[in-house]
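Hi everyone, thanks for making time for this. I'd like to walk you through one structure today, starting with the ligand and then moving out to the fold.

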Amino acid sequence: MALIAEARNLISKAQKVVVLTGAGISAESGVATFRDALTGLWRNFDPTKLATPEAYLRDPALVWGWYEWRRQLLLKAQPNAGHLAVARLEQQAPSFTLLTQNVDDLHERAGSQQVAHLHGSIFHPYCFDCGRAYSFTAAPNLTKEQKVEPPHCRFCAGLIRPGVVWFGEEMPVAELNLAYAAVENCDVFLSIGTSGVVYPAAGLVELAAQQGAAVIHLNPESQPIRFAQELSLVGTAGELLPQLVN
Ligand code: BV8
Ligand code: ZN
């Protein structure tokens, strides 16, 4: 496919590479994409209504149960060829920044050294009242999709919450600044496995294209081409990335 050869060439010549990943890169690890993560108990919810501070305060056990269910599935998942190729690209590109919208740790487990979690991490819960960080390493043993009462803070008895960025919440400033700085002068921007609907993360693609970077989409669904130097490679991350990265 000529597009793959063109993409491969752009990547190999690039000085500054930025990669933005979404739930699609974890799909081949058996992890449901964000839109598909709502199964069973949560199937009738709209993610933008469930992944919010309001939903958590209204029914903490329902939302905490969703994240514990997803954490349990993640503990059984393995990084796939896509994650591994991204980790190799980090070693090969002269300058490389990995931005992920995913709250999983599959990039880290694939060997990526620097991972900017724009939407936080499911493995870093914290107290909603006093902000103290917690880490629950024990695997949940949920036999079905169910509500789970969240733990309370040892210091202030406040409600502990998932360490993710919910809708209506600000993204972490450090990661946001890192993302804008990296995009400002990158040569190639790889957008992998994201539906590109959630801002401000989705806005990074436009920013990269506007400052002249080549934008390359990797997605089984063909992506709309809005800029001159934009490519849409149709396929999965696990199939395409090993063809783009040695
Ligand atoms: C902010 C963490 C405001 C949680 C996520 C009204 C009020 C407030 C805000 C807004 C509002 N209206 C709009 C907004 C902005 C809002 C937004 O963008 N809403 C959208 C729905 C319109 N954004 C926010 O709220 C953000 N914050 O704006 O703050 C503010 C400003 C000032 C002061 C105070 C507040 C914060 C958004 C972060 C939300 N948290 N995740 C969790 O994970 O539970 S978002 C979540 O969905 C993901 O992190 C990701 O970012 C997003 C989209 O998911 P994707 O990763 O793209 O996955 P998806 O399932 O959608 O798509 C998968 C793709 O993969 C598909 O394209 C598929 O084809 C492809 N695929 C499938 N298989 C494969 C594959 N690709 C490759 N290989 C495969 N095998
Ligand atoms: Zn507390």
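**Around the ligand, and beyond**

Let's begin at F34, where a backbone N or O atom sits 3.1 Å from an oxygen atom of ligand 1. Before I go on, please keep in mind that what you see is a predicted model.

In T194, a polar side-chain atom is 2.8 Å from an oxygen atom of ligand 1. For T33, the distance from a side-chain N or O atom to an oxygen atom of ligand 1 is 3.5 Å.

How much of ligand 1 does the protein cover? On its own, ligand 1 has 1,500 Å² of accessible area, and the protein covers 74% of that. As for where it sits, the space taken by ligand 1 is the largest pocket. Two elements give two or more residues each to the shell around ligand 1, namely α2 (24-27) and α5 (60-75).

Now for the shell itself. Ligand 1 is surrounded by 32 residues, and Y67, V165, G168, S195 and N219 are the closest.

If you want a spot to look at on screen, find V19, which stands opposite L190 in β6. As a reminder, strands of a sheet pair through backbone hydrogen bonds.

I'll finish with two backbone details. In general, most peptide bonds are trans, and most residues other than glycine have a negative phi. The bond from Y199 to P200 is cis, with omega near 0°, and P200 lies in the loop between β6 and α9 (203-210). Then there is A157, a residue other than glycine whose phi is positive, near 65°. You'll find A157 in the loop between β4 (126-127) and β5 (160-161).

That's my tour, and I'm happy to go back to any part of it.

Key
Residues numbered from 1 in each chain as written. Chains lettered and ligands numbered in written order. Predicted model: local features only at pLDDT ≥ 70, side-chain atom pairs only at ≥ 80, totals over all residues. Heavy atoms only, no water. Near = heavy atom within 4 Å. Polar contact = N/O pair within 3.5 Å; in protein donor to acceptor, adjacent residues only side chain to side chain. Areas by Shrake-Rupley, 256 points an atom, 1.4 Å probe, with all protein chains shown as cover. 1 Å grid on protein atoms, 1.4 Å probe; cavity = no way out; pocket = protein on both sides within 12 Å on 5 of 7 lines; lining within 4 Å. Sits in = over half its atoms within 2 Å of the grid points. Helix = DSSP H or I, 4+ residues; strand = E, 2+ residues; numbered from the N terminus. Pairing = 2+ DSSP bridges.
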